Amino acid sequence: MHCDSAMSRREMLRRLVAGASGCLLVSVLPSLAGESEKNSKGRKPLYAYAVDTARCIGCCACMRACKAENEVPDGRFRTWIERYRVRANGEVLVDAVIDDGFVFKDDKVPDAVKAFFVPKLCNHCEKSACSQVCPVGATYTSPEGVVLVDQKRCIGCGYCVQACPYGTRYIHPVKHVADKCTLCYHRIMRGMQPACVQSCPRGVRIFGDLNDPESQISMALKQRRFRLLKPEMGTHPRCYYLDLDNEVI
Amino acid sequence: MGVDSEVPDKPLIRPDYRHVYPVGIILIVLIGVALGVRHWLIPETFGQFGFYRGAALEDARDHGMSYVGGAACAECHGDIVAIHDKDAHGGVPCETCHGPGTRHIRDNDITMPVPATREDCLVCHRKLDARPGSFPQVDWQEHFRFLGVADTNTACVQCHSAHEPLFMDRDMRKARLHPLIHQCGDCHLGRTDPTTPRPDSHPQIFQCDYCHPAIAASRDKTSHKKVACSTCHMFVRENSFSGRIVRNADPRFCLLCHRRTPFKSPAGPPMIEWPGHIKDVAGETPDAKRSCTDCHQDNIHDMPTKVKGVPHAL
């Protein structure tokens with residue numbers, strides 16, 4: 001009897017171990033398969049953007065390049081440069097090039113104590129407000145982290161234009177659909193840099209893969225001080241501003 | 001209790017569901033229509049990757065490129081790219097000035113625009129208060145006045161080649177390392193004379209003449225008195241502590257100011273004919289390796305490291 005009971009306990013333990021390892025295998029197998037799929041494709045990229053604001057000279061080469069690359073309609077901009085000038089009394093003057101001449105006027109603010117340029121563009125937020133309000137699922141985040149507009153799907157209701165806290169969207173005057181920066185999705189998927197990054201003469205704009213620890217953007221974010229625009233909106237932007245002044249909103 | 005037995009046997013009435021059939025059929029038709037409409041309205045690839053049309057990714061990818069990148073330019077224009085890369089504009093991509101290159105690559109007959117007006121250069125180099133102070137900015141009217149340029153229609157490219165604007169070598173390994181912040185003793189030891197002017201604030205004391213007073217005094221005796229040290233000794237800051245000094249000894253650099261051109265007036269710096277000058281003065285054929293300072297060091301400042309008076313004949 002004693003012997004029988006020992007055998008059954010052993011049997012029970014064996015079955016327990018077998019069952020547990022079976023469960024473990026079942027639970028691990030899918031992730032193993034996933035891992036192997038990931039490895040075979042290489043590490044999945046997560047694209048992001050950084051702006052080295054201290055280097056910008058306001059030449060607007062990025063704006064010209066964006067227009068030429070993406071056929072942005074006149075009077076609309078997917079990226080633009082703001083000029084901040086802070087007067088001695090703390091007043092902040094902000095202006096931007098709003099025509100297609102792409103040249104900042106040489107109008108001096110006599111008592112400006114600090115002045116600088118800030119390039120702006122879609123922040124490609126992780127929790128983008130524009131995607132959340134779209135009633136037809138036309139705004140979405142690509143697997144690479146780029147917020148895009150499906151122009152065949154968009155009904156041009158303009159909710160996203162209102163929802164974006166950064167004012168980066170507009171309704172295309174001809175297509176009547178929402179339009180915005182795509183991070184030059186057609187270029188980055190071919191291994192090229194976005195047109196604005198490619199054309200910047202000062203290396204202000206940095207584009208790269210956050211999942212690659214050796215990429216220029218990963219290194220910049222490790223080594224430099226940076227700020228996000230309107231972090232209180234909870235949109236988790238993926239556009240990082242290096243050495244940005246607190247006056248910028 | 002004979003209750004059960006008292007209930008008369010009634011014929012069993014089977015429940016009649018016929019009135020439900022039309023409702024059921026209508027419901028089924030409606031569901032079918034709804035499913036059909038849903039199928040018709042929702043695109044095929046919707047939900048493939050998330051709450052969006054999967055094929056939209058293809059649409060976004062399927063867009064032609066305008067900007068080709070400098071590597072493509074170098075395939076045909078390698079000579080220009082090589083010159084361009086070593087001078088001050090080395091970091092500026094070709095397409096920033098010349099525009100997108102796709103059409104030119106497809107068809108060589110379509111030429112690239114060559115920006116040549118003064119306004120084209122001033123897009124980057126106009127003096128603006130918001131531009132970083134370290135970036136070269138030009139008040140063109142002041143620049144013209146200093147150089148005696150009488151014709152106000154003169155374009156920058158009439159003196160400065162856009163591909164090599166300063167005839168400098170950007171290879172910083174060849175440039176001299178120069179500290180920004182010294183050890184205290186570098187300045188304060190041996191400078192205990194109370195008549196030595198004290199700097200108002202430390203960051204501003206590192207003017208060239210503070211550490212190199214003999215050279216500055218020598219320079220002030222020459223006709224180059226008004227020329228700032230950094231005009232010729234270009235300082236490229238590398239970090240908070242140091243930078244590199246590029247000493248520009250290329251004769252073409254001196255000629256930026258001193259070459260005789262129709263648009264300059266005698267009010268500016270002395271002008272010479274080039275390359276006739278060497279032949280006229282020294283009776284030699286022009287030699288690219290010759291530097292103006294080989295003969296003219298006395299006109300610049302005292303240069304203790306150079307041997308004076310080396311004739312061209314050597």
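Two residues are in contact if their C-beta atoms, placed from the backbone, lie within 7 Å. With that in hand, here are the close-up views of this predicted model.

**View 1. Chain A meets chain B.** In this predicted model, the contact draws 39 residues from chain A and 32 residues from chain B. On the side of chain A that touches chain B, two or more residues come from each of helix H2 (61-70), strand S2 (79-87), strand S4 (112-121), helix H5 (185-188) and helix H6 (195-199) of chain A. Sorted by class, that side of chain A holds 21 nonpolar, eight polar and ten charged residues. As for confidence, the model scores ipTM 0.79 and pTM 0.80.

**View 2. An open sheet in chain A.** Four strands of chain A line up here in the order S9-S1-S11-S10, and their pairing is mixed. At the edges sit S9 and strand S10 (226-227) of chain A, each of which pairs on one side only. Strand S1 (residues 47-52) of chain A runs antiparallel to strand S9 (residues 205-209) of chain A, and five bridges join the two. Look for A:Val51, which stands opposite A:Arg205 in S9(A). S1(A) is also joined by four bridges to strand S11 (residues 239-242) of chain A, and this pair runs parallel. Here A:Ala50 stands opposite A:Tyr240 in S11(A).

**View 3. The two faces of strand S1 of chain A.** Which residues point which way from S1(A)? A:Tyr47, A:Tyr49 and A:Val51 point one way, while A:Ala48, A:Ala50 and A:Asp52 point the other way. Strand S1 of chain A is mostly covered, with six of its six residues buried.

**View 4. The largest nonpolar core, around A:Leu183.** This core has 66 residues, and A:Cys62, A:Leu148 and A:Leu183 touch the most other members. Leaving aside residues up to four places away in sequence, A:Leu183 touches A:Tyr47, A:Tyr49, A:His124, A:Val146, A:Ile188 and A:Pro194. Another core, of eight residues, lies apart from the largest one, and B:Phe167, B:Met168, B:Ala175 and B:Met234 are among its members. As background, nonpolar side chains tend to be buried together in soluble globular proteins.

**View 5. Where the two domains of chain A touch.** The domain assignment of chain A gives domain 1 (47-126 + 181-242) and domain 2 (130-170). Their C-alpha centres lie 20 Å apart. How many residues of each domain take part in the contact? Domain 1 of chain A brings 18 residues, and domain 2 of chain A brings nine residues. S1 and S4 of chain A each supply at least two residues of the side of domain 1 that touches domain 2. By class, that side of domain 1 of chain A has ten nonpolar, four polar and four charged residues.

**View 6. Confidence along chain B.** Chain B averages a pLDDT of 82, and 81% of the residues score at least 70. Take care with residues 306-314 of chain B, where the pLDDT is below 50. Beyond near neighbours in sequence, this stretch of chain B has seven contacts in the model.

Notes
Residues are numbered from 1 along each chain as its sequence is written. Chains are lettered from A and ligands numbered from 1 in the order in which they are written. This is a predicted model: local features need pLDDT of at least 70, side-chain atom pairs count only at pLDDT 80 or more; totals for chains, interfaces and linings use all residues. A nonpolar core is a set of buried Ala, Val, Leu, Ile, Met, Phe, Trp, Tyr and Cys residues joined through C-beta atoms within 7 Å. A residue is buried if 20 or more other C-beta atoms lie within 10 Å of its own, exposed if 12 or fewer, and partly exposed in between; C-beta atoms are placed from the backbone. Ala, Val, Leu, Ile, Met, Phe, Trp, Tyr, Cys and Pro count as nonpolar, Asp, Glu, Lys and Arg as charged, and the others, Gly among them, as polar. Two strands pair if DSSP finds at least two bridges between them. Domain bounds come from an automatic or database domain assignment. pLDDT is the predictor's confidence in each residue, from 0 to 100.
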